[in-house]
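Welcome! Please take a look at the sequence and the 3D structure below, and then we can walk through a few details together.

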Amino acid sequence: MDIITSSMASLSTSDERASLITLPADIFYIILAYLDTARSIAHLAATCKGLYQLVSQSGWRIFVSSRFSGFKLSEALSTDEWRERARSLTLQARDWDRRALVVTALKPEMTRRGRITSRIRPSQSIPSSVIVDAHHLRKGNDSKDIIFWGAGEDIFGLHRYTHGSKANKPHTEDWLRIGGSSRGYQSGKDDVTSVTIIKDSKYNYDQGHGFRDDPQVLVGRASGQLHLLSMDAKRFGIALLRFRGLRKSDDGPTIRLTEIQSLDVNYKRGTLAAATKQSILAYPLRPDQQSVHNRVNQDSSGTEEPPFIWANTALALNDNRQKSAPFEFIRSIKFVDDDTLAVTLNKCHHPLQYLKFTPTGIETSFAAKTSSNDHSADSHRLRTVRAVLPVDTSSLARGGGNTVLSSWDDGTIRLQDLRTPSPVDKVFQDNFDISTPINALLSHGLERFVAGSAYSPVLKIFDYRWPKGYYHTESLPCGNDRPYPAPRAPTNVPEPTCPFDRSVCDHLAGQRCTRHTLSRHDFYRPNFNMWLPASSSDNSPVYSLASPSRDSPSIFAGLSGNMVEVTTKSFARPAFIRAVRPTFWPDSNLEHVSYSLQGDNTPFIDTGSGFPLEDVSQSQRVPPMYRQMFRDAAQTDRGHPKREERTAWRKRHRLDEWLQRLPAELGGD
């Protein structure tokens, strides 16, 4: 602050007339909070040395905090990092709005007699379900994204170095794989069903073996086995700890671990919750609360079993003594606050329930808002909730509390604040594919969330429709024309009208031009669906979704047989179109199976506002499909007599250049 103040003071003398540069630094901080584009911040910094110092020290931090308040970001270590965050978030916002997304798929291929054939596994005719999780790991100036996934009985890992010494080397990725058969696991019986990376190193398991600094991951299997594994590149897949069921006590039965359905960690309490099909078990992750039992005998593969711990609490939801209504099986679990666990159930009159952990045990409750009478006459389709996701709304006006997204089998996604008495606070629905349920949910700040279809390899992107702090269209030139092309949503909604015809923004009067006004309208910012490349069948559901961090440009989706990465175009690797075959190590047991990583052109459709339809007949038409065409627009337009007109037209286009189709007057088809 002293440096900035002295720099600002040096710009003028006391006898100068009051001007912008004589304002105190605190006033500039307020001004910075009102600048709505990164370009404006950069232009202000280029004005003079004093303002450059002020923007460098605090300007980018203020811009990110005010324009992207919906992202819960960690504190940056330097002013340069705040500037890089501003660049990253603004580019991501533009790419998401313009559908500028790059999709790459990791697909297995089997080698037979020197030929490579597309095949998910040599031993399975049915593709395995890919279950994925991701985390951004940072130590000092070094950072990396770590991705872990299970496919059948096999486990895979990816270390992608994003900052630091390793990020500057040609080799920036480590691909890891352990074949399940080499550890005694059987296909089908021991398939991976749930994975969760430990995202706070203070809960890492060590016991004096030097594993404390290793990234670690919880892996649950269909056989009921639950292990904590090392994700370190040199010790990948080593089992550090095993979790067993609840030992029989005088007043209760033994609860065994059967097929693991879902896992979640409460990082404030240091508790792991594991769901089987009928029960919930809780384990302590704090080292001082664990009672570890050593086990030295070997399993069937000759591998020494790791030490184990017992569950300290368990609840059989199907026990008649509990309040739970009859259900078929547990689908997923998520902690929604410090002591409450949300549980989603299949075929139950109360399919979304809440378990509160208290000093005396676990209390079960279900609010009125989980009633099957809400918002639909198809009550039988409101008896299943497939996924639940906590949403931190503390940055919103009157936000906070326990807010969750839940996906129901009638195709709706419901946002519920558990503090309020209303059954549902907001309902989202794909206005094109109305009734397809959602398998997986992932939130990208408070701007949008991603939903994975339960029936097909489709990602559905929804805008929360909350007030936004940043619109990338504000940096485009003014005009009195409408954004183009106009969305053609499934519902027959007319284009909005603008109450004025203004070609230039009047910033002093707080009035925007026609183009900037309409660009903020929900009609011109529709939700959209995108089709992912499927390995073996177009009917592959999306089993899981993960992202390394809240502001990461990448999303990972687990399908049948392959793992897909969706990255905003500004951060995609240049050679994504060319197929590459990553080298996995340390396991050489699957040499007859190779994997190819290649980009794929992805089709998109606009799906409207995302609010629920009162009648399905309102979805009257099929939206046009936009399919990516990989090309360099600058190269295409070079030498064309209407190059300047083409460039201006592309810049103002609502969609990315890969999706653009030039009109006939500009030489298009």
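## Charges over rings

A charge sits over a ring if NZ of Lys or CZ of Arg is within 6 Å of the ring centre and within 35 degrees of the ring normal. The charged end of R502 is placed this way over the ring of F500, 3.9 Å from its centre. Likewise, K468 lies over the face of Y471, at 5.1 Å from the ring centre.

## About the model

This is a predicted model, where local features need pLDDT of at least 70 and side-chain atom pairs count only at pLDDT 80 or more, while totals for chains, interfaces and linings use all residues. Residues are numbered from 1 along each chain as its sequence is written, and side-chain values use heavy atoms, leaving out hydrogens and water.

## Aromatic pairs

Rings of Phe, Tyr and Trp (its six-membered ring) pair if their centres lie within 6.5 Å; planes under 30 degrees apart count as stacked, over 60 as edge-to-face and the rest as tilted. The count comes to 26 aromatic pairs. The rings of F148 and F236 have centres 6.0 Å apart and planes at 50°, so this pair is tilted.

How buried is F148? Its relative accessibility is 0%, so F148 counts as buried (under 20% relative accessible area; exposed is over 50%, partly exposed in between, with a 1.4 Å probe and protein chains only). F236, at 3%, is buried too. Y464 and W466 form a stacked pair, 4.6 Å centre to centre with 10° between the planes, and both are buried.
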